[in-house]
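This report is for a reader who is new to the structure shown below. It goes through selected helices, strands and loops in turn.

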Amino acid sequence: MDAHPTHDRTTSLSDAENWFALGSGALLLLVGASRRSAVGALVAASSAPLLYRGITGHWPHTNGETQRDTTKTALGGARGVHVRESIRLEVPLAEVYGFWRRLENLPQFMAHLDGVTESSDGQSHWVAIGPAGLAVEWDAEIINEIENKLIAWRSLPGSDVVTAGSINFDAARGGRSTEVRVHLQYAPRAGKAGALIASLFGREPSQTIREDLRRFNSCSKRARFRKPRKRRSHMRAVCWEGKEKIKVETVPDPVILNPRDAIVKVTVTAICGSDLHIYDGYIPTMQKGDVLGHEFMGEVVEVGKDNTRLRVGDRVVVPFTIACGRCYFCKEQLWSLCDNSNPNAWMAEKLYGYSASGLFGYSYMYGGYPGGQAEYARVPFADVGPLKVPGTLTDEQVLFLSDIFPTGYMAAENCQIKQGDTVAVWGCGPVGQFAIKSAYLLGAERVIAIDRFAERLELASSQGGADTLNYEDVDVLDALRHMTGGQGPDACIDAVGLEAHGTTLDAWYDRAKTTMFLATDRPHALRQAISACRKGGTVSIPGVYGGWLDKFPLGVAFAKGLTLKMGQTHMHKYMPLLLERIERGEIDPSFIITHRIGLEDAPEMYRTFATKMTRASRSS
Ligand SMILES: [Zn+2]
Ligand SMILES: [Zn+2]
């Protein structure tokens, strides 16, 4: 993701003209997010921009894993059978949640279930009875659980059935009733067991689930709900309370939900440009009280029993994309496309047909995982994601392995740079800055950075060693042609992007049309990159796009035989490689940091950051 908010409050023509500015802002670090360090100091204030991106990394550990793939068809992917039903109950949220949370209660109303037994480690054993009285059994694990909001589970490897489900809870009618949305997926294996499972739900799985829910409603009327036990609440965390409302609150401590989990005590975390989209209320499926933050690192304080890779005391950086390590996509090193880490895959599938991986602190559409702008965070699939870092490096040197450094690096790697190449980079936010440095690391001879803010161009030049173009002062296409002997850059990186905002694509499309395309004739970064690139070159797009683009010059790309590469960063693949580069002293990512604050000051910084970006986008 990139930092490219289309603030409503700046919907003027200058918005479109200043699209580069939208990606700008200061990079903030919440330092020492521990109980003891209450307030941090606000330090430097040069306005280096800040972008946000996701990465998945590659772990030697998972390569050797021989465990059978559970989940070619688990949480994501439009394969298998999907059932989605909802019901409103006249029972308060906490009671309904408490009932469902005890999975052993489910057979009370789910006709096909004979029994569910839970063990203490988040795993459960399910037995279903088929039409001929034959039993089918499987083991499942909890993937995510947010009190009073979400429960998500899936089957474990080796089960007769590949199944996954999530239940979302919402309070309705002022808290007197509860909306329950059930999403269930299953894909029977081939053979006899498979046929039996298919028959469990019958020809009309939706109908079966609807009937189950009706029975659930009757259960609820018989008042068999009990209030759930309250979890201990004493951790401080940055919470989203609504549009432009961020508070530091005391919330329940995270607990191990799955044997592969770890709990990390957060030492440093960053506020990202894309966190501002949440602040501004543009990210759908956020709920009051959600814990924010997707860039964080810290110390492991608790480890699930099946996690043999981490130990208490390990110092780790956590990738902002979550990957299971076992699905087809993880095995293909396409970590950010993991099929299993988003228990709410169906929400993303509505928009995109398929869901990418889950993300920390970034709405229910991406899994509802609490983020790392908190004292502690639960890390799911912690035997795959977190990268151990050596004590010789400071937190600030390695924190950006959680997102923006690998993102900038993958953007450059996607350019297939050869010795002597010239690479042009649009947008000098943090991802742009890392793309510039990475292009040089990968052998580029010359990098040309394009932006409109003097301080960002100055950073690109002084830190990145790039030649710079201020697009307000020069005709970018002419300048690039001139600088490359008439040929054009060998590769172009669009680190600006356009993030989808609004609750539907249509809303986004309309807004984009008005503010980006029709209201101005200024060229858009991507169109300009495609126009500028030399014949046969590569256009790499780390900037995020969310929907349909208008006036996309595909004909130009075709005529010139361009290669286009894009997508969310495959974090897990790049993190270990880039850690090595940091250790060798080839790069020190801390150059991008502008402010250091304490956790309790986060709301103030969100405000400052958002205002600053608004101002920036109006400043000329
Ligand atoms: Zn980020
Ligand atoms: Zn996966």
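## Helix α13 and what covers it

The buried residues of helix α13 are covered by elements that include α12 (430-441), β20 (446-451) and β21 (467-470). The model is a predicted one. Helix α13 spans residues 454-462, and within this helix R456, L457, L459 and A460 are buried. Viewed down the axis of α13, these buried residues lie within an arc of 155°, so they line one face of the helix. The exposed residues A454 and S462 sit on the face of α13 turned away from its buried side.

An α-helix has 3.6 residues a turn, so residues three or four places apart point the same way.

## Helix α12

Of the 12 residues of α12, 10 are buried, so this helix is largely enclosed by the rest of the structure. The buried residues are P430, V431, G432, Q433, F434, A435, I436, K437, S438 and A439. They pack against α11 (404-413), β19 (422-426), β20, α13 and β22.

After α12 comes G443, which has a positive phi, near 110°.

## The nonpolar core

The largest nonpolar core has 160 residues. Those with the most contacts inside this core are V264, V317, V423, V425, A435, A449 and I493. Strand β11 (residues 262-271) gives the largest share of the core, seven residues. At least three residues of the core come from each of domain 1 (81-221) and domain 2 (404-568). In soluble globular proteins, nonpolar side chains tend to be buried together.

Which residues does V425 touch, not counting those up to four places away in sequence? V425 touches G432, A435, I436, V447, A449, I450, I493 and A495.

Strand β23 covers residues 538-541. T538 and S540 point one way from this strand, V539 and I541 point the other way, and all are buried. In a regular strand the side chains alternate between the two faces of the sheet.

Strand β22 (residues 491-494) runs parallel to β23 and is joined to it by three bridges. The bridge partner of C492 in β23 is V539. Strand β24 (residues 563-566) also runs parallel to β23, and four bridges join these two strands. Here T538 stands opposite T563 in β24.

## An antiparallel sheet of three strands

Three strands form an open sheet in the order β10-β9-β12, with antiparallel pairing. The edge strands are β10 (245-252) and β12 (290-291), each of which pairs on one side only.

Strand β9 (residues 233-242) pairs with β10 in the antiparallel sense over eight bridges. M235 stands opposite V251 in β10.

## Two loop residues with positive phi

Most residues other than glycine have a negative phi, and most peptide bonds are trans. N148 has a positive phi, near 65°, though N148 is a residue other than glycine. N148 lies in the loop between β5 (135-146) and β6 (150-155). N148 counts as partly exposed, because there are 18 C-beta neighbours inside 10 Å.

Q333 is a residue other than glycine with a positive phi, near 65°. Q333 is in the loop between α8 (328-331) and α9 (345-352). With 15 C-beta neighbours inside 10 Å, Q333 counts as partly exposed.

## Residue E580

Helix α18 (residues 571-583) contains E580. Is E580 buried or exposed? E580 is exposed, because 10 other C-beta atoms lie within 10 Å, and a residue with 12 or fewer counts as exposed. E580 and V389 are 191 residues apart in sequence, and their C-alpha atoms are 10.0 Å apart in space.

## The protein as a whole

The protein has 19 helices and 25 strands. Of its 620 residues, 53% are buried. Among contacts between residues at least 6 apart in sequence, 75% join residues at least 24 apart.

Conventions:
Residues are numbered from 1 along each chain as its sequence is written. Chains are lettered from A and ligands numbered from 1 in the order in which they are written. This is a predicted model: local features need pLDDT of at least 70, side-chain atom pairs count only at pLDDT 80 or more; totals for chains, interfaces and linings use all residues. A residue is buried if 20 or more other C-beta atoms lie within 10 Å of its own, exposed if 12 or fewer, and partly exposed in between; C-beta atoms are placed from the backbone. Two strands pair if DSSP finds at least two bridges between them. The arc is that of the directions from the helix axis to the C-beta atoms. Two residues are in contact if their C-beta atoms, placed from the backbone, lie within 7 Å. A nonpolar core is a set of buried Ala, Val, Leu, Ile, Met, Phe, Trp, Tyr and Cys residues joined through C-beta atoms within 7 Å. Domain bounds come from an automatic or database domain assignment.
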